[in-house]
Amino acid sequence: MKISSLKRRTSILLMVGGLVLSTSALASAHPDHDGAITDDGAHDTHQHGDNTGHLPATNENVDLVSKLRLKNVEPGKIADVGVFNDHAYLAAWGSETCKYNGVHVVDIKDPAAPKEVAFIQAKEGSYPGEGIQTLHIDTPAFNGDILVSNNEKCKDKTGVGGMNIYDVTNPGHPTPLAEGVGDFTVSGQGKKSANQIHSVFAWDAGDKAYAVIVDNDEGTDVDIMDITNPKKAKLIAEYDLDQRFPQILQSAPANLTEVFLHDMIVKEIGGKQVMLLSYWDAGYVQVDMSDPLNPVYIGDTDFANPDPQLAESTGKIEKPEGNGHQAEYTLDNDYVIGADEDFAPNGTEGHTDDDSTLFQVSQGSGTPQLQDGDTFSGDAVYVGQACTGDAAVPAAPTTTSGTQVAIVMRGVCTFTEKVASVEAAGGYEGVIVANREGSDGCSAFGMSVEGSIPSFSVDRRTGFGFFDKEGSYDNAACLAGATSAIPGVSLGDVGDLVSLRAFFDGWGYVHLYDNSAGKMAELDTYAIPEAMDPDKAQGFGDLSVHEVATSHERADLAYFSYYSGGFRVAKIVADELVETGRYIDEGGSNFWGVQVFEHDGVEYVAASDRDYGLYIFRYTGD
């Protein structure tokens, strides 16, 4: 869709502690679960499950060159993909079962016959996901090819954080150079293991080499590593860019408050090392990082309000969700293409009977969902943490409205255990989990959870408001604290009547921006039609875009991994994104990553299917 004009907005400074999920996300890309996610072991003979639950196979202007099922793959196992020197590197994610985590190395010298040649085992209890990248660096300390990857934890006691660096000059025999290096402090306090990181990107700057990592555990989430000597990689700077450059924030709409870094790239443009950062609720930000100790603001984007893609596709008028996830420059650097990931086609918001001010809500991932137009209400009943060993959740009392919702505090046990405790107590129509204190607490978050009654999550201040305690809430004290309970509220206390509504706002989609200094103008947006269809809000897989990779040969071409929407190709025509190619496999697709590479003068695209492994495509259109 074409956008003729955008409003500029005054910015405000917001303080956000740690990496949390968008308040508008149903179950964002990486929802919190306060513990391991269990696998029910359900498998069948179809590549991506049953014949229902996905979009039908399709193919236009895309040649499937080959596909390779990787070893030890199970549903949801494969994450990002990178390509360098005739080898593909695919992350084996560990958030599902915490087994066989690491990086698959695949020889693609013959794109039609890929062969797995090595597997780099992750540290016990850790796993990679985003940011699989291989590059050549030539510094006084090292000359060769390196692979960088991130570490997040699936086992708190044994897992490590930070980034890894491997020598892959001989890809069939990778050698560790550094593992688990990064920021070993939180709020100035030292710790044994480096902070978990969500992504990493490295670049060669001549005699120096650097990497930028996404710090999950602090508001200063842009961490710069000097990797000139990969064996002695060290943290040299860390930034909270929404504090350093407050102009990247939006004052409206009110839901764009969860500002954290998700992904980034660095590209040399005009002799400068330009970093393009993707911020969840602040959009896409350009910074001159030629001197990593002195970043200089270049430009950024705003999210148009109301959501332009939703309005054009459905006529619905709703706030934008934010969710700036990943972006790239076109070959000629004239455009920035941003991919907003959103696993929540239905937004949710609420109010109480004594305050009409709307608050944002996230729905739990594996509990009954409110769909477009659905409402939910109940009197708030405080039940504590609802973990084994805590005081038992009281049975739902008789209240004025006749329905009750359990207000549970985040912490200690899994969300699934909390919901089970409420279900066992009996009488509650649903569960709302309010956040705990801590540098990674306080604000809004998403939940991976299972249960038979609806579940929701809210920020800590909203939880206080359910019992008219919002006046005593102090965000700075919350970030510095370590408790879960709401002061002055006792088990079984009844608070306000809470009312929620769900509304369709679509899956994640693509933005096209004019690459310029200051506020970059949005020129167009693009979504697959199914992603804007309320009838496909459930039962067809995840219909969000995940990543974009721009052509190495053409300035007008971009490739997209669109999860269950498959592999997509779009051209830029008169400042608009026009789909010109697509591919969904028989039985469905589930693409996470996408990476362009060349072989014998032909451009190919490697894509990582979460449930299968590596696909290699060639675009055959104009």
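Predicted model: local features only at pLDDT ≥ 70, side-chain atom pairs only at ≥ 80, totals over all residues.
How much space lies in the second largest pocket? The answer is about 1000 Å³.

Several strands each bring at least two residues to the lining, among them strand E3 (78-84), strand E8 (133-138), strand E35 (547-550) and strand E39 (591-599). E19 gives the most, with six residues.

E19 belongs to an open sheet of five strands, arranged in the order E19-E20-E21-E22-E33 with mixed pairing. At the edges of this sheet sit E19 and strand E33 (518-519), each of which pairs on one side only. E19 and E20 run antiparallel and are joined by eight bridges. If you want one spot to look for on your screen, find Glu-268, which stands opposite Gln-273 in E20.

The largest nonpolar core has 34 residues, and Val-222, Ile-224, Met-275, Leu-277 and Tyr-279 have the most contacts inside it. Strands that each supply at least two residues of this core include strand E17 (222-226), strand E19 (261-269), strand E20 (272-279) and strand E23 (324-329). Which residues does Tyr-279 touch, leaving aside its neighbours within four places in sequence? They are Asp-221, Val-222, Leu-241, Val-259, Phe-260, Leu-261, Val-285, Phe-303 and Gly-324. There is also a second, separate core of 27 residues, which includes Phe-504, Tyr-526, Met-532 and Phe-560.

Phe-504 is a handy guide to our next stop, strand E31 (residues 494-504). Phe-504 in E31 is the bridge partner of Asn-346. Strand E25 (residues 346-352) and E31 run antiparallel, with seven bridges joining them. Strand E27 (residues 375-384) also runs antiparallel to E31, this time with six bridges. Here Phe-376 stands opposite Leu-500 in E31.

Another strand with two partners is E41. Strand E41 (residues 613-619) is mostly covered, with six of its seven residues buried. Strand E2 (residues 62-69) pairs with E41 in the antiparallel sense over seven bridges, and Asp-63 stands opposite Arg-618 there. Strand E40 (residues 602-609) is joined to E41 by five bridges, and the two run antiparallel. Between E40 and E41 is a hairpin of three residues, and across this pair Val-605 stands opposite Phe-617.

The structure holds four cavities of 30 Å³ or more, and the largest cavity has a volume of about 100 Å³. Of the 17 residues lining that largest cavity, Asp-307, Glu-321, Gly-322, Asp-340 and Tyr-509 are the closest to its centre. Its lining divides into six nonpolar, five polar and six charged residues.

Loops deserve a look too. Lys-155 lies in the loop between strand E10 (152-153) and strand E11 (163-167). Is Lys-155 buried, exposed or partly exposed? Lys-155 counts as partly exposed because its relative accessibility is 37%, which falls between the limits of 20% and 50%. Beyond its neighbours within four places in sequence, Lys-155 is in contact with Cys-98, Glu-124 and Gly-125.

Cys-98 itself is found in the loop between strand E4 (87-92) and strand E5 (102-107). Cys-98 counts as buried because its relative accessibility is 15%. Its backbone is worth a glance as well: Cys-98 has a positive phi of about 60° although it is not a glycine. Tyr-563 has a positive phi too, near 45°, and is found in the loop between strand E36 (557-561) and strand E37 (567-573). At 1% relative accessibility, Tyr-563 counts as buried.

We finish with two cis peptide bonds. One runs from Ala-252 to Pro-253, with omega near 0°; Pro-253 lies in the loop between helix H1 (241-244) and E19. Another runs from Asn-305 to Pro-306, with omega near 5°. Pro-306 lies in the loop between strand E22 (296-300) and helix H2 (308-314).

Key. Residues numbered from 1 in each chain as written. Heavy atoms only, no water. Core = buried A, V, L, I, M, F, W, Y, C linked by side-chain atoms within 4.5 Å. Buried < 20%, exposed > 50% of the residue type's maximum accessible area, 1.4 Å probe, protein only. Helix = DSSP H or I, 4+ residues; strand = E, 2+ residues; numbered from the N terminus. Contact = heavy atoms within 4.5 Å. 1 Å grid on protein atoms, 1.4 Å probe; cavity = no way out; pocket = protein on both sides within 12 Å on 5 of 7 lines; lining within 4 Å. Points joined across faces, edges and corners; volume = space filled by probe spheres on them. Nonpolar A, V, L, I, M, F, W, Y, C, P; charged D, E, K, R; others polar. Pairing = 2+ DSSP bridges.
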